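Trainee: Could we go through this model together, question by question, before I use it for anything?

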Amino acid sequence: MPVEITWWGHATCTVEDSNVRVLTDPLFARRLAHLRRRRGDLPPPDAHRADVALISHLHADHLHVPSLMRLAPGTRLLVPRGARRAVPALRRLTHLRVAEVAPGDETRVGDVVVRVVPARHDGRRLPLGPHRSPALGYVISGEARTYFAGDTGLFDEMAKEVGPVEAALLPVGGWGPYLGEGHLDAGRAAQALARLGARSAVPVHYGTYWPIGMDAVRPHEFHAPGDEFVRLAARYAPEAAVHRLRHGESVRLEAAL
């Protein structure tokens with residue numbers, strides 16, 4: 001059975017494996033604070049359907065409570081340890097099965113196991129409060145192993161912590177003209193792909209949201225990261241197939257386990 005990956009924009013993807021639908025960092029808003037969706041239609045209602053949703057960290061463009069409200073009753077939701085203390089609005093999600101997780105934890109959903117892995121990123125809920133929660137990545141293991149990196153920088157132990165994977169959903173950009181520490185740009189994402197040894201990659205976290213009023217400020221940082229990742233991945237990881245999806249587009253990958 002092939003594994004199907006759909007990119008809805010930003011860090012929001014659906015990974016369908018072994019008849020289990022996994023949704024990453026759901027964000028279904030046309031506007032979020034100072035950010036406006038500049039490319040791609042809003043995800044359709046079918047994108048809200050999941051067996052389990054994964055939250056990589058507490059930043060509002062990754063943990064967006066109004067988007068989580070749209071998930072069906074009974075959907076599992078995995079959030080970083082300490083999230084309910086840092087984001088009290090999570091307590092309104094009484095229709096979801098919310099569980100706090102940390103690196104090393106595993107959750108079984110049907111025939112899929114979701115393993116939590118570390119990320120190198122500021123996991124705080126900005127700009128509010130002193131509470132900290134870890135930034136996370138996830139490995140989705142069913143017919144294949146798919147790594148969702150969330151937001152992360154490149155770190156020496158990445159391959160060891162993540163383990164062998166067949167597919168990688170890697171952030172290659174951001175939502176503003178500059179990327180701070182703890183992020184992958186196209187070049188670092190290509191190096192990460194080489195370290196991981198994944199056979200397939202999908203670039204995410206670019207080309208969707210941009211600050212209002214800044215359309216003319218470093219526009220290449222909005223438009224270019226996907227193509228740049230394709231180019232650099234061919235240099236650093238020539239054996240990997242890179243699938244640069246359009247918003248709402250899917251790719252089917254043959255299972256390898």
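Trainee: Which residues does Ser200 touch, not counting residues up to four places away in sequence?

Mentor: This is a predicted model, in which local features need pLDDT of at least 70 and side-chain atom pairs count only at pLDDT 80 or more, while totals for chains, interfaces and linings use all residues. Residues are numbered from 1 along each chain as its sequence is written, and side-chain values use heavy atoms, with hydrogens and water left out. Contact here means heavy atoms within 4.5 Å. By that criterion, the residues that Ser200 touches are Glu166, Ala167, Ala168, Leu193, Ala241, His243 and Leu253.

Trainee: Is Ser200 buried or exposed?

Mentor: The cut-offs are under 20% relative accessible area for buried, over 50% for exposed and partly exposed in between, with a 1.4 Å probe and protein chains only. Because its relative accessibility is 12%, Ser200 counts as buried.

Trainee: Which residue in β16 is the bridge partner of Ser200?

Mentor: Ser200 has its place in strand β14, where strands (E, at least two residues) and helices (H or I, at least four) are DSSP runs numbered from the N terminus. Strand β14, residues 200–204, pairs with β16 in the parallel sense over 2 bridges, and two strands count as paired if DSSP finds at least two bridges between them. The bridge partner of Ser200 in β16 is Ala241.

Trainee: Which strands are at the edges of the open sheet?

Mentor: The open sheet is formed by 7 strands with mixed pairing, in the order β9-β10-β11-β12-β13-β14-β16. Each edge strand pairs on one side only, and these strands are β9 (106–109) and β16 (241–242).

Trainee: Which residues of β9 make up its covered face?

Mentor: In a regular strand the side chains alternate between the two faces of the sheet. In β9 the uncovered face consists of Glu106 and Arg108, and the covered one of Thr107 and Val109.

Trainee: What positive phi does Gly110 have in the turn between β9 and β10?

Mentor: β9 and strand β10 (residues 112–118) pair in the antiparallel sense over 4 bridges, and Val109 stands opposite Val112 in β10. The two strands form a hairpin with 2 residues between them, and the phi of Gly110 in the turn is about 60°.

Trainee: At what angle to β13 does helix α4 run?

Mentor: Axes are lines fitted to C-alpha atoms, for helices over the stretch in contact, and angles run from 0 to 180 degrees between N-to-C directions. Helix α4 (residues 186–196) lies across β12 (145–148), β13 (167–171), β14 and β16, and its angle to β13 is about 155°.

Trainee: How far apart in space are Arg36 and Pro211, C-alpha to C-alpha?

Mentor: Arg36 is found in strand β5 (residues 35–37), and it is partly exposed because its relative accessible area is 31%. Leaving aside neighbours within four places in sequence, Arg36 is in contact with residues including Tyr209, Trp210 and Ile212. Although Arg36 and Pro211 are 175 residues apart in sequence, their C-alpha distance is 6.2 Å.
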